[in-house]
Amino acid sequence: MSIFFKAVQIANPLDAAAPRKFYAKATDASITDLSELAELVAFNSSMSRTDCYAVLMGLETFVIRELERGRNVRLGELGTYKIGLKSEGKDTEEEVISFAIKKAKINFTPGAGIKRMLKHLEYKKAQNQSA
């Protein structure tokens, strides 16, 4: 399988006067949802699609719950999810209180399986550049 890409023209954010250049950007791909994943797992195991779906729904619930508890969640070779924070800069340590936090985000660190996959991708230019 190939990763489809298109060429997009982007200005240099550090130099507005610089000529715009073209860069490769992955095209929007279709989505494999939890139901489809359950079907794929069931097809390759002795479990039913319903059983696989229930397990994946439980995984989803507990990943969210563990992150909410401030824990990092490692999903094997997929990678690790953790909470990251964006906050205001303060002059002293004492000034850094919860009100300085502007928002939370999810940081994802890919695991070995994802890293291996990324090294072996093949790319194909999309026929329709508007894709």
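Biologist: Which residues does Leu75 touch, not counting residues up to four places away in sequence?

Modeller: Contact means heavy atoms within 4.5 Å. With residues up to four places away in sequence left out, Leu75 touches Leu59, Val63 and Tyr81. This is a predicted model, in which local features need pLDDT of at least 70 and side-chain atom pairs count only at pLDDT 80 or more, while totals for chains, interfaces and linings use all residues. Numbering runs from 1 along each chain as its sequence is written, and side-chain values use heavy atoms, with hydrogens and water left out.

Biologist: How is the accessibility of Leu75 read?

Modeller: Buried means under 20% relative accessible area, exposed over 50%, and partly exposed in between (1.4 Å probe, protein chains only). Leu75 has 23%, so it is partly exposed. Ala7, in strand β1 (residues 3-10), is partly exposed too, at 31%. Phe62, in helix α2, is partly exposed at 46%.

Biologist: Which residues line the second largest pocket?

Modeller: On a 1 Å grid over the protein atoms alone, a pocket is an open set of points with protein on both sides within 12 Å along at least five of seven lines, and lining residues have an atom within 4 Å of a point. Here the lining consists of Leu34, Leu56, Leu59, Glu60, Val63, Ile64, Leu67, Leu75 and Tyr81. Helix α2 (residues 49-68) gives the most to this lining, with six residues. The volume, the space filled by probe spheres set on the points, is about 150 Å³.

Biologist: What is the make-up of that lining?

Modeller: Ala, Val, Leu, Ile, Met, Phe, Trp, Tyr, Cys and Pro count as nonpolar, Asp, Glu, Lys and Arg as charged, and the others as polar. The second largest pocket has eight nonpolar residues, no polar and one charged.

Biologist: How does the largest pocket read?

Modeller: Its space comes to about 260 Å³. It is lined by 10 residues, and Ser2, Ile3, Phe4, Thr27 and Ala29 are the closest to its centre. Its lining divides into seven nonpolar residues, two polar and one charged.

Biologist: How many aromatic pairs does the structure hold?

Modeller: Rings of Phe, Tyr and Trp (its six-membered ring) pair if their centres lie within 6.5 Å; planes under 30 degrees apart count as stacked, over 60 as edge-to-face and the rest as tilted. There is one aromatic pair. It joins Tyr81 and Phe108, whose ring centres are 4.9 Å apart and whose planes stand at 50°, so the pair is tilted. Since Tyr81 lies in strand β4 (residues 79-87) and Phe108 in strand β5 (residues 101-110), the pair ties together parts that are 27 residues apart in sequence.

Terms used:
1 Å grid on protein atoms, 1.4 Å probe; cavity = no way out; pocket = protein on both sides within 12 Å on 5 of 7 lines; lining within 4 Å. Helix = DSSP H or I, 4+ residues; strand = E, 2+ residues; numbered from the N terminus.
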